[in-house]
Amino acid sequence: MTTLSPAAAADRTGVSIDTLRYYEREGLIGPIRRSAGGRREYTEDDIFWIGLVTCFREAGLGIADLREFVALLRAEHSARDRVAFLRERRAALEHRVAALHRAMEVLDDKISYYGAES
């Protein structure tokens, strides 16, 4: 099995080594296997999980949300519970996207207004 060092995993996933350790400490990834010398060794499965956690963080999910989702995945919860969780977070994300679009429209209006003065 191919494994990556913490530096290689950080480089591949685009997050810092400190973030990898934080995600592991919070139970969002892992447990990460260790070499005989105690060094972390990241597998492809770990890289997938890091990507998933990173995507969810970028979508605005907080650490508590991520803990809840990981618990849904790791425990014997139904697919219905997982889908309900994801639909709720998607709806919240849609509201954020709409608010961002409104903010961009205001910025565009201001750029046009002040740009006319130049």
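Mentor: Let's begin at Thr43, which sits in the loop between strand E2 (40-41) and H3; helices (H or I, at least four residues) and strands (E, at least two) are DSSP runs, numbered from the N terminus. Before we go on, please keep in mind that this is a predicted model, where local features need pLDDT of at least 70 and side-chain atom pairs count only at pLDDT 80 or more, while totals for chains, interfaces and linings use all residues. Residues are numbered from 1 along each chain as its sequence is written, and side-chain values use heavy atoms, with hydrogens and water left out.

Is Thr43 buried or exposed? Thr43 counts as buried because its relative accessible area is 13%; buried means under 20%, exposed over 50%, and partly exposed in between (1.4 Å probe, protein chains only). Leaving out residues up to four places away in sequence, Thr43 touches Met1, Thr2, Thr3 and Arg33, where contact means heavy atoms within 4.5 Å.

Arg33 has a relative accessible area of 39%, so it is partly exposed. Besides Thr43, its contacts beyond four places in sequence include Met1, Thr3, Arg39, Arg40 and Glu41. Ala7 is 26 residues from Arg33 along the chain, and their C-alpha atoms are separated by 15 Å. In the loop between H2 and strand E1 (33-34) you will find Pro31. The peptide bond joining Gly30 and Pro31 is cis, with omega about 10°. Most peptide bonds are trans.

Thr54, in helix H3, is buried because its relative accessibility is 13%. Leaving aside neighbours within four places in sequence, Thr54 is in contact with Val15 and Tyr23. Thr54 and Val15 are 39 residues apart in sequence, yet 8.1 Å apart in space, C-alpha to C-alpha. Ala64, in helix H4, counts as exposed because its relative accessibility is 53%. Its C-alpha atom is 9.5 Å from that of Glu26, 38 residues away along the chain.

Finally, step back to the whole chain. The protein chain has five helices and two strands, running α-α-β-β-α-α-α from the N terminus on. Of its 118 residues, 27% count as buried. The C-alpha atoms fill a box of roughly 65 × 40 × 20 Å along the principal axes. Among contacts with a separation of 6 or more, 50% come from residues 24 or more positions apart.
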